[in-house]
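Okay, thanks for coming, everyone. Let me put the model up on the screen and then talk you through it.

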Amino acid sequence: MSLLSSKFEEIKEKNKSINAYITFSDLLENNPDGKLSGKTIAIKDTISTAGLRTTCASKMLENYVPPFDAHVVSLVKKQGATILGKANCDEFAMGSSTEHSAFGATHNPHDHERVPGGSSGGSAAAVAGNLADIALGSDTGGSIRCPASFCGIVGLKPTYGLVSRYGLVAYGNSLEQIGPMAKNVYDCALLLECISDYDRRDATCVNGKNINYTESLNDDISGLKIAVPREFFGNGTDPEVEKSVKNTIDKLVSEGAIVEEINIESIKYSLAAYYIIAMSEASSNLARFDGLRYGLHSGKSKDWNELFSNNRKSGFGFEVKRRIMLGTFALSSGYFDEYYIKAQKVRSLITNDFKKIFSKFDAIIGPTMPTLPFKLGEKLTDPLSMYMSDVDTVSANLAGIPSISVPCGYSDKLPIGIQIMSSHFNEKTILNIGNKIEQIRGFDIE
Amino acid sequence: MADKKIIDAKKYSELSKIELSTQEMEILNEQFPDILEYFDLLSQADTSENIDTQTLSNVFRDDIPADSIADKILDVVPEKKDRFVKGPRMM
(Lines give C-alpha, C1' and ligand atoms only; values in the text may rest on other atoms or scores of the structure.)
Protein backbone atom coordinates (compact mmCIF):
# COMPACT_ATOMS: atom_id res chain seq x y z
CA MET A 1 0.00 0.00 0.00
CA SER A 2 2.90 2.40 0.66
CA LEU A 3 3.93 2.14 -3.01
CA LEU A 4 0.40 3.14 -3.99
CA SER A 5 0.37 5.98 -1.44
CA SER A 6 3.52 7.60 -2.86
CA LYS A 7 2.17 7.14 -6.40
CA PHE A 8 -1.05 8.78 -5.18
CA GLU A 9 0.91 11.89 -4.12
CA GLU A 10 2.53 11.99 -7.57
CA ILE A 11 -0.89 11.73 -9.19
CA LYS A 12 -2.27 14.61 -7.11
CA GLU A 13 0.70 16.74 -8.16
CA LYS A 14 0.35 15.85 -11.85
CA ASN A 15 -3.37 16.54 -11.68
CA LYS A 16 -2.65 20.24 -11.13
CA SER A 17 -1.71 20.66 -14.81
CA ILE A 18 -4.47 18.45 -16.24
CA ASN A 19 -7.35 18.93 -13.75
CA ALA A 20 -8.72 15.44 -14.39
CA TYR A 21 -10.02 15.08 -10.83
CA ILE A 22 -12.43 17.22 -8.82
CA THR A 23 -12.14 15.24 -5.56
CA PHE A 24 -9.54 12.76 -4.39
CA SER A 25 -10.47 9.91 -2.05
CA ASP A 26 -9.52 10.64 1.58
CA LEU A 27 -8.53 7.07 2.17
CA LEU A 28 -7.29 4.51 -0.31
CA GLU A 29 -9.43 1.52 0.52
CA ASN A 30 -7.98 -1.92 0.68
CA ASN A 31 -10.77 -3.75 -1.14
CA PRO A 32 -11.07 -7.54 -1.26
CA ASP A 33 -9.37 -9.55 -3.97
CA GLY A 34 -11.17 -9.64 -7.25
CA LYS A 35 -10.90 -9.17 -10.99
CA LEU A 36 -9.82 -5.54 -10.57
CA SER A 37 -7.30 -6.04 -7.76
CA GLY A 38 -4.26 -3.84 -8.16
CA LYS A 39 -6.10 -1.46 -10.53
CA THR A 40 -6.69 2.19 -9.73
CA ILE A 41 -9.92 3.71 -11.00
CA ALA A 42 -11.34 7.21 -11.53
CA ILE A 43 -15.13 7.56 -11.28
CA LYS A 44 -16.95 10.27 -13.25
CA ASP A 45 -18.43 12.79 -10.85
CA THR A 46 -22.02 12.17 -11.98
CA ILE A 47 -21.83 8.69 -10.43
CA SER A 48 -22.73 8.48 -6.71
CA THR A 49 -20.06 7.37 -4.25
CA ALA A 50 -21.15 6.97 -0.61
CA GLY A 51 -19.22 9.25 1.71
CA LEU A 52 -17.24 10.80 -1.17
CA ARG A 53 -18.35 14.16 -2.53
CA THR A 54 -20.24 13.92 -5.83
CA THR A 55 -20.66 17.29 -7.50
CA CYS A 56 -21.67 16.54 -11.11
CA ALA A 57 -19.17 19.36 -11.77
CA SER A 58 -21.84 21.81 -10.59
CA LYS A 59 -22.06 24.51 -7.91
CA MET A 60 -25.52 23.06 -7.27
CA LEU A 61 -23.93 19.99 -5.68
CA GLU A 62 -20.61 21.51 -4.61
CA ASN A 63 -20.89 20.07 -1.08
CA TYR A 64 -23.15 17.10 -1.72
CA VAL A 65 -22.02 13.78 -0.24
CA PRO A 66 -24.20 10.87 -1.39
CA PRO A 67 -25.64 8.52 1.24
CA PHE A 68 -25.29 5.52 -1.10
CA ASP A 69 -23.05 3.97 -3.75
CA ALA A 70 -24.13 3.64 -7.35
CA HIS A 71 -24.55 -0.03 -8.28
CA VAL A 72 -21.45 0.10 -10.49
CA VAL A 73 -19.41 1.58 -7.62
CA SER A 74 -20.34 -1.25 -5.25
CA LEU A 75 -19.39 -3.69 -8.02
CA VAL A 76 -15.93 -2.22 -8.68
CA LYS A 77 -15.26 -2.13 -4.92
CA LYS A 78 -16.35 -5.77 -4.67
CA GLN A 79 -13.86 -6.65 -7.43
CA GLY A 80 -10.96 -5.02 -5.60
CA ALA A 81 -10.39 -1.79 -7.55
CA THR A 82 -8.95 1.19 -5.66
CA ILE A 83 -11.00 4.34 -6.21
CA LEU A 84 -8.61 7.28 -6.46
CA GLY A 85 -11.26 9.96 -6.81
CA LYS A 86 -14.04 11.66 -8.79
CA ALA A 87 -13.30 12.70 -12.31
CA ASN A 88 -14.12 16.10 -13.79
CA CYS A 89 -16.80 16.35 -16.46
CA ASP A 90 -19.11 18.81 -18.16
CA GLU A 91 -21.72 19.97 -15.67
CA PHE A 92 -24.44 17.33 -15.28
CA ALA A 93 -22.83 15.56 -18.27
CA MET A 94 -23.95 18.28 -20.66
CA GLY A 95 -21.14 18.98 -23.08
CA SER A 96 -18.53 17.60 -25.45
CA SER A 97 -15.35 19.21 -24.13
CA THR A 98 -15.31 19.21 -20.27
CA GLU A 99 -15.15 23.02 -20.43
CA HIS A 100 -18.59 23.42 -18.85
CA SER A 101 -17.44 22.44 -15.38
CA ALA A 102 -17.78 24.63 -12.30
CA PHE A 103 -14.34 23.31 -11.28
CA GLY A 104 -12.41 24.43 -14.36
CA ALA A 105 -11.72 22.70 -17.66
CA THR A 106 -9.74 19.49 -18.00
CA HIS A 107 -6.73 19.62 -20.33
CA ASN A 108 -5.93 16.98 -22.93
CA PRO A 109 -2.76 15.12 -21.80
CA HIS A 110 -1.58 14.99 -25.45
CA ASP A 111 -1.73 18.79 -25.76
CA HIS A 112 -2.61 20.84 -22.70
CA GLU A 113 -4.06 23.64 -24.83
CA ARG A 114 -6.69 21.34 -26.25
CA VAL A 115 -9.86 19.81 -24.89
CA PRO A 116 -9.97 16.20 -23.73
CA GLY A 117 -13.48 15.84 -25.14
CA GLY A 118 -16.59 15.42 -23.02
CA SER A 119 -18.53 15.02 -21.08
CA SER A 120 -16.38 12.27 -19.44
CA GLY A 121 -13.21 14.27 -20.15
CA GLY A 122 -11.75 13.90 -16.67
CA SER A 123 -12.12 10.11 -16.81
CA ALA A 124 -10.40 9.96 -20.21
CA ALA A 125 -7.62 12.37 -19.24
CA ALA A 126 -6.98 10.43 -16.01
CA VAL A 127 -6.40 7.20 -17.97
CA ALA A 128 -4.48 8.84 -20.85
CA GLY A 129 -2.36 10.88 -18.45
CA ASN A 130 -1.53 7.88 -16.25
CA LEU A 131 -3.51 9.26 -13.31
CA ALA A 132 -5.61 6.06 -13.14
CA ASP A 133 -5.44 2.60 -14.74
CA ILE A 134 -9.11 2.55 -15.71
CA ALA A 135 -12.15 4.78 -15.38
CA LEU A 136 -15.93 4.87 -15.45
CA GLY A 137 -17.70 7.42 -17.60
CA SER A 138 -21.25 7.89 -18.82
CA ASP A 139 -22.46 8.32 -22.39
CA THR A 140 -25.72 10.08 -23.30
CA GLY A 141 -24.79 11.31 -26.79
CA GLY A 142 -21.13 10.31 -27.06
CA SER A 143 -19.75 11.32 -23.68
CA ILE A 144 -17.54 8.23 -23.28
CA ARG A 145 -16.57 7.78 -26.93
CA CYS A 146 -15.76 11.43 -27.67
CA PRO A 147 -13.17 11.85 -24.87
CA ALA A 148 -11.83 8.35 -25.56
CA SER A 149 -11.19 9.41 -29.16
CA PHE A 150 -9.71 12.81 -28.24
CA CYS A 151 -7.45 11.34 -25.52
CA GLY A 152 -6.33 8.27 -27.48
CA ILE A 153 -7.84 5.58 -25.25
CA VAL A 154 -10.61 2.96 -25.50
CA GLY A 155 -14.15 3.84 -24.37
CA LEU A 156 -17.30 1.76 -24.70
CA LYS A 157 -20.97 2.74 -24.47
CA PRO A 158 -22.89 -0.43 -23.60
CA THR A 159 -26.29 -1.42 -24.97
CA TYR A 160 -29.03 0.52 -23.18
CA GLY A 161 -30.09 -1.64 -20.24
CA LEU A 162 -26.87 -3.67 -19.90
CA VAL A 163 -25.42 -1.62 -17.04
CA SER A 164 -27.45 -0.34 -14.09
CA ARG A 165 -28.02 3.42 -13.96
CA TYR A 166 -28.86 3.28 -10.24
CA GLY A 167 -26.76 6.03 -8.72
CA LEU A 168 -26.04 7.83 -12.01
CA VAL A 169 -27.36 11.36 -11.74
CA ALA A 170 -29.79 11.48 -14.65
CA TYR A 171 -29.43 13.80 -17.62
CA GLY A 172 -31.05 11.93 -20.56
CA ASN A 173 -32.36 8.80 -18.91
CA SER A 174 -33.63 7.04 -22.05
CA LEU A 175 -30.27 7.57 -23.76
CA GLU A 176 -27.48 7.13 -21.24
CA GLN A 177 -25.30 4.30 -20.00
CA ILE A 178 -22.33 4.07 -17.67
CA GLY A 179 -19.38 2.46 -19.43
CA PRO A 180 -15.71 1.48 -19.14
CA MET A 181 -12.68 3.50 -20.25
CA ALA A 182 -9.17 2.05 -20.40
CA LYS A 183 -5.91 2.08 -22.36
CA ASN A 184 -6.67 -1.18 -24.14
CA VAL A 185 -9.60 -3.30 -25.24
CA TYR A 186 -8.86 -6.11 -22.77
CA ASP A 187 -9.10 -3.82 -19.72
CA CYS A 188 -12.25 -2.30 -21.19
CA ALA A 189 -13.76 -5.78 -21.56
CA LEU A 190 -12.70 -6.65 -18.00
CA LEU A 191 -14.29 -3.55 -16.50
CA LEU A 192 -17.44 -4.08 -18.56
CA GLU A 193 -17.64 -7.63 -17.23
CA CYS A 194 -17.48 -6.29 -13.67
CA ILE A 195 -20.13 -3.58 -14.04
CA SER A 196 -22.73 -5.36 -16.17
CA ASP A 197 -24.26 -7.30 -13.28
CA TYR A 198 -28.11 -7.12 -13.23
CA ASP A 199 -29.68 -4.62 -10.80
CA ARG A 200 -33.40 -4.66 -10.05
CA ARG A 201 -33.19 -1.12 -8.64
CA ASP A 202 -32.90 0.17 -12.22
CA ALA A 203 -36.19 -0.65 -13.92
CA THR A 204 -34.54 -0.27 -17.34
CA CYS A 205 -31.80 -2.81 -16.55
CA VAL A 206 -32.20 -6.04 -18.53
CA ASN A 207 -31.53 -9.37 -16.84
CA GLY A 208 -29.47 -12.15 -18.37
CA LYS A 209 -27.78 -10.31 -21.23
CA ASN A 210 -24.29 -9.86 -19.78
CA ILE A 211 -21.56 -12.38 -20.58
CA ASN A 212 -17.92 -12.98 -19.69
CA TYR A 213 -16.44 -10.38 -22.05
CA THR A 214 -12.80 -11.28 -21.49
CA GLU A 215 -13.38 -14.98 -22.14
CA SER A 216 -15.19 -14.26 -25.38
CA LEU A 217 -12.47 -11.82 -26.53
CA ASN A 218 -10.73 -13.02 -29.68
CA ASP A 219 -9.28 -11.53 -32.83
CA ASP A 220 -10.98 -13.61 -35.48
CA ILE A 221 -12.76 -11.19 -37.77
CA SER A 222 -12.52 -13.06 -41.06
CA GLY A 223 -15.87 -13.20 -42.74
CA LEU A 224 -17.38 -10.46 -40.57
CA LYS A 225 -19.59 -8.16 -42.65
CA ILE A 226 -18.98 -4.49 -41.87
CA ALA A 227 -21.06 -1.57 -43.14
CA VAL A 228 -19.49 1.88 -43.58
CA PRO A 229 -22.18 4.59 -43.81
CA ARG A 230 -21.31 7.47 -46.10
CA GLU A 231 -23.18 9.83 -43.73
CA PHE A 232 -20.42 9.37 -41.12
CA PHE A 233 -17.94 11.03 -43.47
CA GLY A 234 -20.04 14.18 -43.91
CA ASN A 235 -18.89 17.69 -44.85
CA GLY A 236 -17.47 18.61 -41.47
CA THR A 237 -15.10 15.60 -41.33
CA ASP A 238 -11.40 16.48 -41.08
CA PRO A 239 -9.48 14.88 -44.02
CA GLU A 240 -6.87 13.52 -41.58
CA VAL A 241 -9.60 11.76 -39.59
CA GLU A 242 -11.12 10.32 -42.75
CA LYS A 243 -7.73 9.11 -43.99
CA SER A 244 -6.83 7.40 -40.70
CA VAL A 245 -10.21 5.69 -40.32
CA LYS A 246 -10.31 4.50 -43.95
CA ASN A 247 -6.73 3.17 -43.72
CA THR A 248 -7.78 1.16 -40.69
CA ILE A 249 -10.83 -0.17 -42.52
CA ASP A 250 -8.54 -1.24 -45.40
CA LYS A 251 -6.39 -3.14 -42.89
CA LEU A 252 -9.50 -4.92 -41.60
CA VAL A 253 -10.27 -5.98 -45.17
CA SER A 254 -6.77 -7.48 -45.46
CA GLU A 255 -7.56 -9.47 -42.33
CA GLY A 256 -10.65 -10.99 -43.91
CA ALA A 257 -13.47 -8.58 -43.07
CA ILE A 258 -16.02 -7.91 -45.80
CA VAL A 259 -16.67 -4.18 -46.02
CA GLU A 260 -19.43 -2.39 -47.90
CA GLU A 261 -20.30 1.31 -48.12
CA ILE A 262 -23.98 2.04 -47.45
CA ASN A 263 -26.35 4.96 -46.99
CA ILE A 264 -28.49 5.46 -43.88
CA GLU A 265 -30.94 8.17 -44.88
CA SER A 266 -32.30 8.79 -41.37
CA ILE A 267 -28.87 9.51 -39.84
CA LYS A 268 -29.02 13.10 -41.05
CA TYR A 269 -31.83 13.75 -38.55
CA SER A 270 -30.08 12.06 -35.62
CA LEU A 271 -28.39 15.12 -34.12
CA ALA A 272 -31.59 17.21 -34.05
CA ALA A 273 -33.64 14.29 -32.69
CA TYR A 274 -31.01 13.59 -30.03
CA TYR A 275 -30.79 17.14 -28.75
CA ILE A 276 -34.54 17.62 -28.58
CA ILE A 277 -35.02 14.37 -26.63
CA ALA A 278 -31.96 14.88 -24.39
CA MET A 279 -32.84 18.48 -23.54
CA SER A 280 -36.48 17.56 -22.89
CA GLU A 281 -35.42 14.79 -20.51
CA ALA A 282 -32.88 17.12 -18.89
CA SER A 283 -35.55 19.73 -18.18
CA SER A 284 -37.50 17.06 -16.32
CA ASN A 285 -34.56 15.30 -14.64
CA LEU A 286 -33.03 18.51 -13.30
CA ALA A 287 -36.33 19.78 -11.90
CA ARG A 288 -35.41 17.97 -8.68
CA PHE A 289 -32.63 20.48 -7.98
CA ASP A 290 -34.57 23.03 -5.99
CA GLY A 291 -32.28 23.18 -2.96
CA LEU A 292 -34.79 21.66 -0.56
CA ARG A 293 -33.60 18.10 0.07
CA TYR A 294 -29.98 18.48 -1.08
CA GLY A 295 -27.75 20.87 -2.93
CA LEU A 296 -27.28 24.61 -3.02
CA HIS A 297 -29.63 26.49 -0.78
CA SER A 298 -29.32 30.21 -1.27
CA GLY A 299 -31.30 31.26 1.78
CA LYS A 300 -34.70 32.65 2.74
CA SER A 301 -37.06 34.09 0.19
CA LYS A 302 -40.62 35.26 -0.29
CA ASP A 303 -42.11 32.00 -1.58
CA TRP A 304 -41.35 28.69 -3.31
CA ASN A 305 -41.26 30.27 -6.77
CA GLU A 306 -38.63 32.78 -5.76
CA LEU A 307 -36.60 30.30 -3.70
CA PHE A 308 -36.43 27.66 -6.44
CA SER A 309 -35.69 30.19 -9.20
CA ASN A 310 -32.96 31.74 -7.10
CA ASN A 311 -31.32 28.46 -6.05
CA ARG A 312 -31.28 27.28 -9.65
CA LYS A 313 -29.96 30.63 -10.90
CA SER A 314 -27.00 30.34 -8.55
CA GLY A 315 -26.48 26.61 -8.84
CA PHE A 316 -26.58 25.92 -12.56
CA GLY A 317 -24.01 26.95 -15.15
CA PHE A 318 -25.03 28.63 -18.40
CA GLU A 319 -24.95 25.54 -20.63
CA VAL A 320 -27.23 23.67 -18.21
CA LYS A 321 -29.62 26.63 -18.10
CA ARG A 322 -29.65 26.77 -21.91
CA ARG A 323 -30.48 23.07 -22.25
CA ILE A 324 -33.19 23.08 -19.56
CA MET A 325 -34.89 26.03 -21.24
CA LEU A 326 -34.76 24.47 -24.70
CA GLY A 327 -36.11 21.23 -23.24
CA THR A 328 -38.90 23.10 -21.47
CA PHE A 329 -39.75 24.76 -24.77
CA ALA A 330 -39.80 21.45 -26.69
CA LEU A 331 -42.19 19.95 -24.13
CA SER A 332 -44.43 22.99 -23.82
CA SER A 333 -47.97 23.26 -25.06
CA GLY A 334 -48.09 24.19 -28.72
CA TYR A 335 -44.62 22.79 -29.47
CA PHE A 336 -44.80 19.32 -27.94
CA ASP A 337 -45.99 17.56 -31.12
CA GLU A 338 -43.77 19.50 -33.48
CA TYR A 339 -40.58 18.90 -31.50
CA TYR A 340 -40.69 16.19 -28.83
CA ILE A 341 -43.12 13.76 -30.47
CA LYS A 342 -41.55 14.31 -33.89
CA ALA A 343 -38.08 13.62 -32.43
CA GLN A 344 -39.34 10.37 -30.85
CA LYS A 345 -40.82 9.26 -34.19
CA VAL A 346 -37.54 10.03 -35.95
CA ARG A 347 -35.80 8.05 -33.22
CA SER A 348 -37.97 5.02 -34.11
CA LEU A 349 -37.07 5.49 -37.80
CA ILE A 350 -33.36 5.46 -36.96
CA THR A 351 -33.71 2.44 -34.66
CA ASN A 352 -35.58 0.50 -37.36
CA ASP A 353 -32.94 1.43 -39.96
CA PHE A 354 -30.22 0.06 -37.67
CA LYS A 355 -32.19 -3.17 -37.15
CA LYS A 356 -32.46 -3.64 -40.92
CA ILE A 357 -28.71 -3.03 -41.33
CA PHE A 358 -27.81 -5.51 -38.58
CA SER A 359 -29.92 -8.18 -40.24
CA LYS A 360 -27.32 -8.11 -43.06
CA PHE A 361 -24.17 -6.81 -41.34
CA ASP A 362 -22.29 -7.68 -38.14
CA ALA A 363 -21.05 -4.16 -37.44
CA ILE A 364 -21.01 -0.53 -38.56
CA ILE A 365 -17.75 1.43 -38.63
CA GLY A 366 -16.89 5.10 -38.96
CA PRO A 367 -15.00 7.86 -37.21
CA THR A 368 -15.89 8.57 -33.57
CA MET A 369 -15.44 12.34 -33.94
CA PRO A 370 -15.52 14.41 -37.13
CA THR A 371 -12.48 16.44 -36.02
CA LEU A 372 -9.21 16.30 -34.13
CA PRO A 373 -9.31 17.58 -30.51
CA PHE A 374 -10.01 21.31 -30.76
CA LYS A 375 -8.45 24.10 -28.72
CA LEU A 376 -9.82 25.13 -25.33
CA GLY A 377 -12.25 28.01 -25.80
CA GLU A 378 -12.60 27.44 -29.56
CA LYS A 379 -16.28 26.43 -29.55
CA LEU A 380 -17.50 28.07 -26.35
CA THR A 381 -19.24 31.06 -27.93
CA ASP A 382 -21.03 28.99 -30.58
CA PRO A 383 -23.15 26.31 -28.90
CA LEU A 384 -24.45 24.89 -32.18
CA SER A 385 -20.89 24.27 -33.37
CA MET A 386 -20.21 22.39 -30.12
CA TYR A 387 -23.40 20.34 -30.54
CA MET A 388 -22.29 19.40 -34.09
CA SER A 389 -19.27 17.53 -32.65
CA ASP A 390 -21.65 14.78 -31.61
CA VAL A 391 -22.88 14.13 -35.14
CA ASP A 392 -21.30 10.65 -35.40
CA THR A 393 -22.02 9.42 -31.88
CA VAL A 394 -25.65 10.29 -31.05
CA SER A 395 -27.33 7.71 -33.30
CA ALA A 396 -26.04 4.84 -31.11
CA ASN A 397 -27.71 6.42 -28.07
CA LEU A 398 -30.99 6.98 -29.91
CA ALA A 399 -31.12 3.33 -30.97
CA GLY A 400 -29.66 1.99 -27.70
CA ILE A 401 -27.00 -0.03 -29.53
CA PRO A 402 -23.47 -0.66 -28.19
CA SER A 403 -20.56 1.35 -29.56
CA ILE A 404 -16.83 1.50 -28.86
CA SER A 405 -14.10 3.99 -29.76
CA VAL A 406 -10.61 2.60 -30.29
CA PRO A 407 -7.49 4.67 -31.12
CA CYS A 408 -6.59 4.13 -34.80
CA GLY A 409 -4.04 6.83 -35.55
CA TYR A 410 -2.58 10.27 -34.92
CA SER A 411 -2.29 13.52 -36.80
CA ASP A 412 0.48 15.80 -35.52
CA LYS A 413 0.45 13.76 -32.30
CA LEU A 414 -3.30 14.34 -31.81
CA PRO A 415 -5.29 11.08 -31.37
CA ILE A 416 -7.92 9.81 -33.79
CA GLY A 417 -10.57 7.28 -32.79
CA ILE A 418 -12.47 4.75 -34.89
CA GLN A 419 -16.02 3.89 -33.84
CA ILE A 420 -17.53 0.40 -34.07
CA MET A 421 -21.23 -0.28 -33.46
CA SER A 422 -23.24 -3.46 -33.43
CA SER A 423 -26.71 -4.79 -32.62
CA HIS A 424 -28.24 -4.77 -29.15
CA PHE A 425 -26.22 -6.75 -26.57
CA ASN A 426 -23.55 -7.59 -29.13
CA GLU A 427 -20.66 -6.00 -27.20
CA LYS A 428 -18.68 -9.15 -28.02
CA THR A 429 -18.44 -8.22 -31.74
CA ILE A 430 -17.35 -4.63 -31.17
CA LEU A 431 -14.76 -5.72 -28.59
CA ASN A 432 -13.35 -8.32 -30.98
CA ILE A 433 -13.07 -5.90 -33.88
CA GLY A 434 -11.48 -3.37 -31.50
CA ASN A 435 -9.07 -6.08 -30.32
CA LYS A 436 -8.06 -6.77 -33.93
CA ILE A 437 -7.54 -3.08 -34.65
CA GLU A 438 -5.16 -2.87 -31.68
CA GLN A 439 -3.06 -5.61 -33.26
CA ILE A 440 -2.90 -4.26 -36.80
CA ARG A 441 -2.82 -0.49 -36.36
CA GLY A 442 0.97 -0.30 -36.00
CA PHE A 443 1.41 1.49 -32.67
CA ASP A 444 1.02 0.92 -28.93
CA ILE A 445 -0.50 3.19 -26.28
CA GLU A 446 2.04 4.08 -23.58
CA MET B 1 -35.96 31.70 -46.15
CA ALA B 2 -38.57 31.35 -43.40
CA ASP B 3 -38.44 33.80 -40.50
CA LYS B 4 -36.35 32.50 -37.66
CA LYS B 5 -38.38 31.34 -34.68
CA ILE B 6 -38.09 33.43 -31.56
CA ILE B 7 -38.17 31.85 -28.10
CA ASP B 8 -39.02 34.30 -25.40
CA ALA B 9 -36.25 33.58 -22.89
CA LYS B 10 -38.17 35.29 -20.11
CA LYS B 11 -41.22 33.07 -20.54
CA TYR B 12 -39.20 29.87 -20.48
CA SER B 13 -37.04 31.00 -17.59
CA GLU B 14 -40.26 31.35 -15.58
CA LEU B 15 -41.55 27.98 -16.71
CA SER B 16 -38.18 26.31 -15.90
CA LYS B 17 -37.96 28.11 -12.54
CA ILE B 18 -34.51 29.51 -13.34
CA GLU B 19 -34.01 33.22 -12.79
CA LEU B 20 -31.78 34.73 -15.50
CA SER B 21 -29.79 37.95 -15.58
CA THR B 22 -30.58 40.51 -18.30
CA GLN B 23 -27.32 39.65 -20.02
CA GLU B 24 -28.07 35.91 -19.97
CA MET B 25 -31.53 36.57 -21.46
CA GLU B 26 -30.00 38.65 -24.23
CA ILE B 27 -27.49 35.96 -25.13
CA LEU B 28 -30.13 33.23 -25.16
CA ASN B 29 -32.56 35.32 -27.22
CA GLU B 30 -29.74 35.69 -29.73
CA GLN B 31 -28.72 32.02 -29.79
CA PHE B 32 -32.08 30.27 -29.71
CA PRO B 33 -33.26 31.09 -33.27
CA ASP B 34 -30.21 29.40 -34.85
CA ILE B 35 -30.56 26.34 -32.66
CA LEU B 36 -34.27 26.07 -33.43
CA GLU B 37 -33.60 26.50 -37.13
CA TYR B 38 -31.36 23.42 -36.91
CA PHE B 39 -34.01 21.47 -34.98
CA ASP B 40 -36.53 22.33 -37.71
CA LEU B 41 -34.60 19.94 -39.99
CA LEU B 42 -36.80 17.24 -38.45
CA SER B 43 -39.84 18.58 -40.31
CA GLN B 44 -38.30 17.08 -43.48
CA ALA B 45 -38.29 13.55 -42.03
CA ASP B 46 -41.12 11.35 -43.32
CA THR B 47 -42.84 9.99 -40.22
CA SER B 48 -46.23 9.56 -41.86
CA GLU B 49 -46.16 5.80 -41.31
CA ASN B 50 -47.79 4.78 -38.04
CA ILE B 51 -44.68 4.59 -35.87
CA ASP B 52 -45.14 2.96 -32.51
CA THR B 53 -43.21 5.03 -29.96
CA GLN B 54 -44.87 3.32 -26.95
CA THR B 55 -42.76 0.19 -26.60
CA LEU B 56 -42.28 0.21 -22.84
CA SER B 57 -43.82 -1.95 -20.16
CA ASN B 58 -43.82 -1.53 -16.38
CA VAL B 59 -41.33 -3.36 -14.20
CA PHE B 60 -42.21 -4.03 -10.57
CA ARG B 61 -40.26 -5.37 -7.64
CA ASP B 62 -41.63 -7.41 -4.77
CA ASP B 63 -42.78 -5.41 -1.76
CA ILE B 64 -40.12 -6.65 0.64
CA PRO B 65 -38.78 -4.35 3.37
CA ALA B 66 -35.04 -3.63 3.25
CA ASP B 67 -32.57 -1.52 5.23
CA SER B 68 -33.47 2.15 5.25
CA ILE B 69 -31.01 4.98 4.57
CA ALA B 70 -33.51 7.60 5.77
CA ASP B 71 -31.12 8.92 8.45
CA LYS B 72 -28.35 9.41 5.90
CA ILE B 73 -30.79 11.13 3.55
CA LEU B 74 -31.83 13.52 6.31
CA ASP B 75 -28.19 14.32 7.02
CA VAL B 76 -27.83 16.18 3.72
CA VAL B 77 -31.08 18.17 4.00
CA PRO B 78 -30.18 21.88 4.30
CA GLU B 79 -33.14 22.98 6.44
CA LYS B 80 -35.14 20.56 8.52
CA LYS B 81 -37.27 20.23 11.63
CA ASP B 82 -37.36 16.84 13.38
CA ARG B 83 -37.62 14.40 10.47
CA PHE B 84 -39.30 16.88 8.13
CA VAL B 85 -37.75 18.78 5.25
CA LYS B 86 -38.47 22.47 5.74
CA GLY B 87 -39.86 24.14 2.67
CA PRO B 88 -40.78 27.68 1.63
CA ARG B 89 -44.24 29.13 2.07
CA MET B 90 -46.57 28.24 -0.75
CA MET B 91 -48.45 31.53 -0.93
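This is a predicted model: local features need pLDDT of at least 70, side-chain atom pairs count only at pLDDT 80 or more; totals for chains, interfaces and linings use all residues.

Residues are numbered from 1 along each chain as its sequence is written, chains are lettered from A and ligands numbered from 1 in the order they are written, and side-chain values use heavy atoms, with hydrogens and water left out.

So, the interface. Counting contact as heavy atoms within 4.5 Å, 48 residues of chain B touch 56 residues of chain A. The buried area is about 4700 Å², with carbon and sulfur atoms giving 71% of that; buried area here is the accessible area (1.4 Å probe) that two parts lose on being put together, summed over both.

One of the pairs you can look up is Glu24(B) with Lys321(A), whose closest N and O atoms are 3.2 Å apart. As for elements, α1 (9-16), α2 (22-39) and α3 (70-75) of chain B each give two or more residues to the side that touches chain A, and α2(B) gives the most, with ten. Helices here are DSSP runs of H or I, at least four residues, and strands are runs of E, at least two, numbered from the N terminus.

Now the sheet in chain A. It is open, has eleven strands with mixed pairing, and runs β1-β3-β2-β4-β6-β5-β10-β11-β9-β7-β8; two strands pair if DSSP finds at least two bridges between them. At the edges sit β1 (21-24) and β8 (258-262) of chain A, each pairing on one side only. In chain A, β7 (225-229) and β9 (363-367) pair in the parallel sense over two bridges, and Ile226(A) stands opposite Ala363(A).

Glu13(A) and Lys16(A) make one, at 3.1 Å from N to O. They are three residues apart in helix α1 (2-18) of chain A, so about one helical turn separates them.

Methods
A salt bridge is a side-chain nitrogen of Lys or Arg within 4 Å of a carboxyl oxygen of Asp or Glu.
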